[in-house]
Amino acid sequence: MKNAKEIGRERPFYINIPAKEVYNEDIDEEILVQGIIDLYYITNDEKIILVDYKTDRVKSEEELIEKYKVQLNIYKRAIEKSLNKKVDKVYIYSVYLGKEIEVEYVF
């Protein structure tokens with residue numbers, strides 16, 4: 001991140017997404033989701049990295065990933081829509097575990 005060509009911290013966003021993606025029900029409407037992305041940065045070779053900080057007291061990395069995968073997907077989509085570029089990597093930084101966790105599943 002030290003050598004990033006662009007850094008976005010605490011960036012607010014608004015995005016319309018299908019309600020069924022959030023509520024896991026068969027709803028044919030869109031909802032407006034708003035939030036604040038903790039951090040993203042663009043590397044010198046144009047890769048976009050998304051980082052979300054979490055303070056949850058958890059036993060495992062998988063617990064955090066499972067709990068926040070929908071949220072991270074929304075953040076990823078919001079960045080991609082606003083920058084018109086693909087997010088290359090997604091990380092959770094767990095303050096409690098003291099480490100970064102790469103989220104590798106397909107969105």
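The accessible surface of the chain in this predicted model amounts to about 7,200 Å², and 45% of that surface belongs to carbon and sulfur atoms. Residues are numbered from 1 along each chain as its sequence is written, and side-chain values use heavy atoms, with hydrogens and water left out. Local features require pLDDT of at least 70 and side-chain atom pairs pLDDT 80 or more, whereas totals for chains, interfaces and linings use all residues.

The chain contains 2 helices and 5 strands, assigned as DSSP runs (helices H or I, at least four residues; strands E, at least two) and numbered from the N terminus. Their order along the sequence is β-α-β-β-α-β-β. The radius of gyration is 14 Å, close to the 13 Å given by the globule rule for 107 residues, so the chain is as compact as a globular protein of that length. This radius is taken over C-alpha atoms, and the rule is 2.2 Å times the number of residues to the power 0.38. The C-alpha trace spans about 45 × 35 × 25 Å along its principal axes.

Of the 107 residues, 36% are buried (under 20% relative accessible area; exposed, over 50%; partly exposed, in between; 1.4 Å probe, protein chains only). The largest nonpolar core has 23 residues, of which F13, I15, I37, L50, I79 and I92 touch the most other members. Such a core is a set of buried Ala, Val, Leu, Ile, Met, Phe, Trp, Tyr and Cys residues joined through side-chain atoms within 4.5 Å. At least two residues of this core come from each of strand 1 (6–18), strand 2 (30–42), strand 3 (48–54), helix 2 (61–83) and strand 4 (87–94). Helix 2 provides the largest share, 8 residues. Another core, of 5 residues, lies apart from this one and includes Y41, I49, V51 and Y91.

Contacts (heavy atoms within 4.5 Å) between residues at least 6 apart in sequence join residues at least 24 apart in 57% of cases. With residues up to four places away not counted, I92 touches D52, K54, L64, I65, L72, K99, E100, I101 and V103.

E102 belongs to strand 5 (residues 99–102) and is partly exposed, with a relative accessible area of 31%. Beyond its neighbours within four places in sequence, E102 contacts I65, K89, V90 and Y91. E102 and Y41 are separated by 61 residues in sequence and by 15 Å in space, C-alpha to C-alpha.

Key
Areas by Shrake-Rupley, 256 points an atom, 1.4 Å probe, with all protein chains shown as cover.
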